[in-house]
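Welcome! Keep the structure open while you work.

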Amino acid sequence: TTVAWAAGEGSPLLQEEENTTDALWIALAPLLAIATFVERVLEVVWERWEQANVWPNMAGVENTSDATYITQKKLRSHWLGTAIALVAVGLTNVRFFRLLGFEVLFSSPGWVLFDAQIGGIFDNFTVGTLIDWMMTAGIVGWGGTELTHSIIEGLVKGRSLWKEMRSCLL
């Protein structure tokens, strides 16, 4: 980096900051994609659950604004989201702490549970891999989907407000 700085390509500190930012996006982009996928699947599940005469809940839900129903829906969304995230993280091998470059406890080769030799998460599967997998699924299932839902909801409300403002001006 000193040579680049001397050649007029920017200071080493700025380059380090850019590399850190790129690494952060590279680490977070797959997790954001998985969180968005899980949130959309949950949205479809609950939409179908609340409608009458639609599988899997033919009775539907009478009052979707009932406080007890909302609490149960939120809790079940967290658990279902975590289960879906477990599958998605397992299929893609996108583990949060591995992506950030942190060495998870019990990741040494001496702690290998099995080596399936099929690629992905099941090669050299250690106790640390299991911990990272479970923690990543928990982060996505409990926090990531709710955050993604709030962002999507905000974008939809912003779009509706924009349309409303345009119709008032015309």
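**Exercise 1.** Which side chain meets Asp-132 in a salt bridge?

*Solution.* Before we start, a word on the ground rules. This is a predicted model, in which local features need pLDDT of at least 70 and side-chain atom pairs count only at pLDDT 80 or more, while totals for chains, interfaces and linings use all residues. Residues are numbered from 1 along each chain as its sequence is written, and side-chain values use heavy atoms, with hydrogens and water left out.

Step 1: recall the term. A salt bridge is a side-chain nitrogen of Lys or Arg within 4 Å of a carboxyl oxygen of Asp or Glu.

Step 2: find the partner. The side chain of Asp-132 meets that of Arg-95, at 3.5 Å from N to O.

Step 3: Helices (H or I, at least four residues) and strands (E, at least two) are DSSP runs, numbered from the N terminus. Asp-132 sits in helix H5 and Arg-95 in the loop between H3 and H4, 37 residues apart, and the pair links distant parts of the chain.

Step 4: check the surroundings. Buried means under 20% relative accessible area, exposed over 50%, and partly exposed in between (1.4 Å probe, protein chains only). Both Asp-132 and Arg-95 are buried.

**Exercise 2.** How many salt bridges does the structure hold? Describe two others.

*Solution.* Step 1: the count is four salt bridges.

Step 1: take Glu-50, which forms a salt bridge with Lys-73, with the closest N and O atoms 2.9 Å apart. Since Glu-50 lies in helix H2 and Lys-73 in helix H3, the pair ties together parts that are 23 residues apart in sequence. Glu-50 counts as partly exposed at 21% relative accessibility, and Lys-73 is partly exposed too, at 26%.

Step 2: now look at Glu-39 and Arg-40, whose side chains meet at 2.7 Å, N to O. Glu-39 is buried, with 3% relative accessibility, whereas Arg-40 is partly exposed at 38%.

**Exercise 3.** Which residues touch the most other members of the largest nonpolar core?

*Solution.* Step 1: a nonpolar core is a set of buried Ala, Val, Leu, Ile, Met, Phe, Trp, Tyr and Cys residues joined through side-chain atoms within 4.5 Å.

Step 1: this core has 21 residues, and Leu-31, Ile-34, Val-38, Leu-42, Ala-85, Trp-133 and Val-140 touch the most other members. Two or more residues come from each of helix H2 (12–50), helix H3 (67–92), helix H4 (96–99) and helix H5 (127–169). H2 gives the largest share, six residues.

Step 2: zoom in on Ile-34. Contact means heavy atoms within 4.5 Å. Leaving aside neighbours within four places in sequence, Ile-34 is in contact with Ala-88, Val-89, Thr-92, Val-94 and Val-140.

**Exercise 4.** How many aromatic pairs are there? Work through two of them.

*Solution.* Step 1: rings of Phe, Tyr and Trp (its six-membered ring) pair if their centres lie within 6.5 Å; planes under 30 degrees apart count as stacked, over 60 as edge-to-face and the rest as tilted. By this rule there are eight aromatic pairs.

Step 1: Trp-46 and Tyr-69 are edge-to-face, at 6.5 Å centre to centre and 90 degrees between the planes. Trp-46 belongs to helix H2 and Tyr-69 to helix H3, 23 residues apart. Trp-46 is buried at 10%, and Tyr-69 counts as buried at 12%.

Step 2: the ring centres of Phe-122 and Trp-133 are 5.8 Å apart and their planes are at 80 degrees, so this pair is edge-to-face. Phe-122 lies in the loop between S1 and strand S2 (125–126), and Trp-133 in helix H5. Phe-122 counts as partly exposed, at 28% relative accessibility, while Trp-133 counts as buried, at 14%.

Step 3: ring pairs also link Phe-114, Phe-122, Phe-125 and Trp-133 into a cluster.
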